[in-house]
Amino acid sequence: YEPVEHSYSIANSPYKKDIVRAVVEAARRKGLGVGLYFSHIDWHDPAFAWDPFNEHYDPGFTEQSDPGRWHTFIAHEREQLQELMTQYGPIDYLDLDIGWPQAAAQDIAGVAKMVRKLQPNVIMRDRGIGAYTPEREIPGKPIPGLWKVIYPCGEAFSYLPNDRYKPKEWVLQSLIDITAKGGNFEVGFGPMPNGTWPQETVERLEFVGDWLRVNGEAIYATRPWTTVREGDQIRFTRSKDGKYVYAISLKWPGDSLTIRSLHAAPGSPIAMLGSNQPLKWRQTSTGLVIEMDQNAAPGAGADLPRAFKIQVG
């Protein structure tokens, strides 16, 4: 190892231009929402000497031991976030990460309030502020409040040569399961050093995107239903107005789908998303029985999750 003096200005790098602006403008040209990642800590800034991973780590560093440097680390974050929240137009999402020491809890709360004032509509990830964002773990049951799962699709969040990626089916089924529990899903992919994306990541995102084009109504803007799942193969979500429940079968159910925990509104239509053909159904003593449209049965290798829109009675 040898000491390296890090410049804080990209103008001193070979790129020399504002890379944040380039990314933001590229996203907007494609109609994408803009989310910015920001780590609460800096492993190279001497003012963050309370962090064990910082190269200037000082176990005795506190506000009392060095008040000037302590307030410098707080000022650095305020200034950086103020720049990000004012120089690039409306920001949809601020992805905060890691955290500060408990002694600075009031200061980090003040920074969050500043962000909210500058960007009233931004969604802030609460990491470092107090919320639960499980990483590399999918909770077994719903969690109160707003939350999301963060999970790399490979072994690392950034690009890793010869990485081992999880199957595309895992990405889709994880999205369905987490949404049914009331959470959001952030699956991590990283671009290669040349700025392009590994083909494995493209294939997985296109696979999930194709499914969402047909079934997105059962995912976007939904809420958890009173029952998360039934058996191994069925997950539930509900519409925001509470009028409909979406039963998502992870596998093709065969000739019929029986849902024990659901009662459909009498006389209401039931449809499989992506098909305009109403399905025959009946309410029995064992539950709701939906007859499948065999014309929509999957061919070989195409047994994808199917979402059924059901008006509840």
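**View 1. The side chain of Thr-201 reaches the backbone oxygen of Pro-198 at 2.8 Å.** The model is predicted, so local features need pLDDT of at least 70 and side-chain atom pairs count only at pLDDT 80 or more, while totals for chains, interfaces and linings use all residues. Residues are numbered from 1 along each chain as its sequence is written, and side-chain values use heavy atoms, with hydrogens and water left out. Thr-201 belongs to helix α5, residues 199–215, where helices are DSSP runs of H or I with at least four residues, numbered from the N terminus. With a relative accessible area of 1%, Thr-201 is buried (under 20% relative accessible area, 1.4 Å probe, protein chains only).

**View 2. Helix α4, residues 168–180, packs with α5 at an angle of about 45°, their axes 8 Å apart.** That angle makes α4 oblique to α5, a term for angles that are neither under 35 degrees, nor over 145, nor 65 to 115; the axes are lines fitted to C-alpha atoms over the stretch in contact, and angles run from 0 to 180 degrees between N-to-C directions. On the α4 side the contact (heavy atoms within 4.5 Å) includes Val-171, Leu-172 and Leu-175, and on the α5 side Phe-207, Val-208 and Trp-211 are among the residues that take part.

**View 3. Asn-215, also in helix α5, is buried, with a relative accessible area of 4%.** Leaving aside residues up to four places away in sequence, Asn-215 touches Leu-273, Pro-305 and Ala-307. Asn-215 and Thr-258 are 43 residues apart in sequence and, from C-alpha to C-alpha, 20 Å apart in space.

Technical notes
Helices (H or I, at least four residues) and strands (E, at least two) are DSSP runs, numbered from the N terminus. Buried means under 20% relative accessible area, exposed over 50%, partly exposed in between (1.4 Å probe, protein chains only). A polar contact is a pair of N or O atoms within 3.5 Å; within protein, one must be able to donate a hydrogen and the other to accept it, and residues adjacent in sequence count only if both atoms are side-chain atoms.
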